[in-house]
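Visitor: I would like to learn how to read a protein model. Can you walk me through one?

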Amino acid sequence: ARGPKRHMKRLNAPKHWMLDKFTGRYAPRPSAGPHKLTESLPLVVFLRNRLKYALTYHEAKMILKQRLVSVNGAVRTDLNYPAGFMDVISLANTNEHFRLLYDVKGRYAIHRIKADEAKYYLAKVKKVFVGSRGVPCIVTHDGRTIRYPD
């Protein structure tokens, strides 16, 4: 009860992860990051359960620790990094790029994209305000603050 929760039971995991009931007691809890816990997909679930590039948690860990996976152009080694809506996940060895989109049932569909499309990142503007010294700013759905002085 003291401090942040560090574990998550498998049955309490978001349903759109599509984890089965019986392959363990726990599910990987997403780290703190740009997307909410209920609206994100940990990288280990992406590599192991969706792409089937790893059979086990340990194999997914080895892929990430070799710095082969980048999210939105930045290399991520955290197994539980929360990838979310419109994020571009790139794999270095295979030169594959994926964008996380929702299917019609609200689950994450892995959408394979080309390298030139992977350079673009789409974000929803949540807030517009004028910052210090009159510089206009926007805040996106994943918590980024973008200043756009003219």
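Guide: We go from the overall fold to a few single residues.

Guide: This is a predicted model, where local features need pLDDT of at least 70, side-chain atom pairs count only at pLDDT 80 or more, and totals for chains, interfaces and linings use all residues. Residues are numbered from 1 along each chain as its sequence is written, and side-chain values use heavy atoms, with hydrogens and water left out.

Visitor: How many helices and strands does the protein have?

Guide: Helices (H or I, at least four residues) and strands (E, at least two) are DSSP runs, numbered from the N terminus. Here there are two helices and 10 strands. Their order from the N terminus is β-α-α-β-β-β-β-β-β-β-β-β. The C-alpha atoms fill a box of roughly 55 × 45 × 35 Å along the principal axes.

Visitor: What share of the residues is buried?

Guide: Buried means under 20% relative accessible area, exposed over 50%, and partly exposed in between (1.4 Å probe, protein chains only). Of the 150 residues in the protein, 37% are buried. Helix α1, residues 43–50, is mostly covered, with eight of its eight residues buried. Among them are Leu 43, Phe 46 and Arg 48. After α1 comes Lys 52, with a positive phi near 60°.

Visitor: In what order do the strands of the open sheet lie?

Guide: Two strands pair if DSSP finds at least two bridges between them. Five strands make the open sheet, ordered β3-β2-β5-β6-β7, with antiparallel pairing. β3 (74–75) and β7 (108–113) are the edge strands, and each pairs on one side only.

Visitor: How many bridges join β6 to β7?

Guide: Six bridges link β6 (residues 96–102) to β7, and the two run antiparallel. Tyr 102 stands opposite Tyr 108 in β7. Arg 99 has His 111 as its bridge partner in β7. The hairpin of β6 and β7 has five residues between the strands, and there Gly 106 takes a positive phi near 85°.

Visitor: Which side chain of opposite charge is nearest to Arg 99?

Guide: Start with the charge rule: Lys and Arg count as positive and Asp and Glu as negative, while His and the chain ends are not counted. A salt bridge is a side-chain nitrogen of Lys or Arg within 4 Å of a carboxyl oxygen of Asp or Glu. Arg 99 lies in strand β6. Arg 99 is buried yet has no salt bridge, and the nearest side chain of opposite charge is Glu 117, 4.1 Å away.

Visitor: Which backbone oxygen does the side chain of Arg 99 reach?

Guide: A polar contact is a pair of N or O atoms within 3.5 Å; within protein, one must be able to donate a hydrogen and the other to accept it, and residues adjacent in sequence count only if both atoms are side-chain atoms. The Arg 99 side chain reaches the backbone oxygen of Tyr 120 at 3.2 Å.

Visitor: Is Tyr 121 buried or partly exposed?

Guide: Tyr 121 is partly exposed, because its relative accessible area is 24%. Tyr 121 sits in the loop between β7 and β8 (125–130). The side chain of Tyr 121 makes polar contacts with the side chains of Asp 87, at 3.2 Å, and Asp 142, at 2.7 Å.

Visitor: Which residues is Tyr 121 in contact with?

Guide: Contact means heavy atoms within 4.5 Å. Leaving aside neighbours within four places in sequence, the contacts of Tyr 121 include His 35, Asn 72, Phe 85, Arg 99 and His 141.
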